[in-house]
Amino acid sequence: MRRSNLLAAAALSALLTACGTDPDPVQHGHDPELPDRQSGLLPSMNIADPAAWGDQRPTVPQGYAIAAIATNLRIPRQTLVLPNGDILVAEGMGGGAPILRPKDAIAGYIKGKGTSPVKGGDRLTLLRDGNGDGTYEGRAVFAENLNAPYGLALVGDRLYVANQDALVRFDYRDGQIRASGPAVEVTKLPSAINHHWTKSLAASPDGRFLYVGIGSNSNITENGMAAEGDRAMVWQVDAETGAHKPYATGLRNPTALAVQPGLGQLWAVVNERDELGPNLVPDYLTSVRQGGFYGWPFSYWGQNVDPRVRPQDPQKVAAAIRPDYALGSHVAPLGLAFSSPAMGARFGDGVFVGEHGSWNRNDPSGYKVVFVPFRGGRPTGAPVDFVSGFMGADGKTRGRPVGVTVDPRGALIVADDLSNTIWRVTRYVR
Amino acid sequence: MAVSDNQRHRGALHPIHAVLLAGAVPLFLGAMLSDIAYSSSYQVQWKNFASWLIVGGLALSGFALLWSGIDLLRADRRGKLPLASFLLLLTTWALGFINALIHARDAWGSMPEGLVLSIIVAVLAVAATWLAFSGLRPGADK
């Protein structure tokens, strides 16, 4: 009896944490190193320890400056730069799925420690720089009483907003600071359970279609297969009628969409699955092919089967497309924006990705805005840190970047939902 | 009066202790049956049932373990039965706790360890209850 007790105690302590002393594998680009799957008794975890910015600011490359242009917001997530230079900020936090198993209660509490305690604004705030001096002194609430607004897109005189349960639109005239009327619903969006509640949005170049990124309703189908109908996909919505159809599927959580200027190709950043180890599965940036299937839930990075899914589907696994560019495991990309030459020669051709940061790793990853260079219309090389310092050397996290937007006048707008701030990065012009 | 004193010394369980100990058995048993249903149907709701039943079983048997441990520390307890009973219950609880963590893995990630442990823990829970109650047999002298 005593021996089995000692054995149990030894096994418990050995299995409790998945520890790894090997260096992290290279996980960016088209061919990331994928280690073996790990599963211990507890997932590797490191939750952000929030602290205020005080006098500090995030770090930017030489030749660039960063300033906070708005503070005391209520969970800003995505932004949109309007043609006249005004910035629209979508504020809100959605989700709130009921507790179905003991883990939900515990996990919710633990992950919540790395986020802001402020209640989501459920509104759009408009920021205006009246005299072009870089200070956004004008601030107005464009629309409120929305339902966790996230994706934003302007098509002509219509402003589209993707709430967590519906795609709606407002009329917009140049210079408007308040919505002229209530939102008009274009189409309902899947919102039952809403484990992944964000609805990302992008408009086609001709304005005919809107693309909505809908995340899965679980990590890996633990809420049942039935809950995953119309989830983990990008919808193509007719802007006029609201009719919709799946455009691409198998994308676990496409949290930001952007249309490539010139080529018109739709790109997405996708958050891949958790609890397979600190270095699985890399989140990625990919072009979204019409009719394409990208693997979730059955496989990852092409044909790597996830054994946690039952029943399996070998046909879908065989058809799964390998994404274009890995960003790293658990970096949590939530923002995507194509750059423009106004950002300077070094950062003119490529995309900016806002990485919210990891929980499923002992050694945190993400917590920065990176720049992925493009060449010939495709991502190439290694990502370059563009805005960092959100997680300081003291281990405290002062901010977490979410959405990124490029102001064509030559600035990068970064939403930070931990310190509830909007940051603006500009180039020193000599 | 002498008879009842003897009974107390022969491992009679306090009614609440008895309820805590025996009450964990149907919970662990239910968890095992739910896991068997999950393994054959892939319906994840069965696994949710198992997860909650395991938590319930750990709660009840945890208190029973505490009670048993306190009894063990009291000077008037003698003999091998209380110690054996405590250790068996401790093993049940430890394996049950590991089982709870394994059930926290998503979807089929808890298989096959989850089912195996559920069966083991259910058997151990019955054994621990049996052992603890077996001290009540009249004439048993341990």
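A polar contact is taken here as a pair of N or O atoms within 3.5 Å, where, within protein, one atom must be able to donate a hydrogen and the other to accept it, and residues adjacent in sequence count only if both atoms are side-chain atoms.

## Basis of the model

This is a predicted model, in which local features need pLDDT of at least 70 and side-chain atom pairs count only at pLDDT 80 or more, while totals for chains, interfaces and linings use all residues. Residues are numbered from 1 along each chain as its sequence is written, chains are lettered from A and ligands numbered from 1 in the order in which they are written, and side-chain values use heavy atoms, with hydrogens and water left out.

## Interface between chains A and B

Chain A and chain B have 7 residue pairs in polar contact between them, both partners being at pLDDT 80 or more. On the side of chain A that touches chain B, α1 (2-16) and α2 (102-112) each supply at least two residues, helices being DSSP runs of H or I of at least four residues and strands runs of E of at least two, numbered from the N terminus. The greatest share comes from α1(A), with 5 residues, and the residues on this side divide into 12 nonpolar, 8 polar and 7 charged (Ala, Val, Leu, Ile, Met, Phe, Trp, Tyr, Cys and Pro count as nonpolar, Asp, Glu, Lys and Arg as charged, and the others, Gly among them, as polar).

The contact, meaning heavy atoms within 4.5 Å, takes 27 residues from chain A and 21 residues from chain B. About 2,100 Å² is buried between the two chains, 65% of it on carbon and sulfur atoms, where buried area is the accessible area (1.4 Å probe) that two parts lose on being put together, summed over both.

## Salt bridges

A salt bridge is a side-chain nitrogen of Lys or Arg within 4 Å of a carboxyl oxygen of Asp or Glu, and 22 are found over all chains. Between chain A and chain B the count is 2, and Lys103(A) forms a salt bridge with Asp106(B) at 3.0 Å, N to O.

Within chain A, the side chains of Arg322(A) and Asp31(A) meet in a salt bridge at 3.1 Å, N to O. Arg322(A) lies in the loop between α3 (314-319) and β20 (325-329), and Asp31(A) in the loop between α1 and β1 (49-50), so the pair ties together parts that are 291 residues apart in sequence.

## Pocket in chain A and cavity in chain B

On a 1 Å grid over the protein atoms alone, a cavity is a set of points where a 1.4 Å probe fits but cannot get out, and a pocket is an open set with protein on both sides within 12 Å along at least five of seven lines; lining residues have an atom within 4 Å of a point. Grid points are joined across faces, edges and corners, and a volume is the space filled by probe spheres set on the points.

The second largest pocket has a volume of about 880 Å³; of its 34 lining residues, the closest to its centre are Leu80(A), Leu152(A), Ala258(A), Val259(A) and Thr405(A). Its lining has 24 nonpolar, 10 polar and no charged residues. There is 1 cavity of 30 Å³ or more, and the largest cavity holds about 40 Å³, with Phe28(B), Ser61(B) and Leu89(B) among its lining residues.

## Backbone features

The peptide bond from Met111(B) to Pro112(B) is cis, with omega near -5°, and Pro112(B) lies in the loop between α4 and α5 of chain B. Another cis bond runs from Leu280(A) to Val281(A), with omega near -10°.
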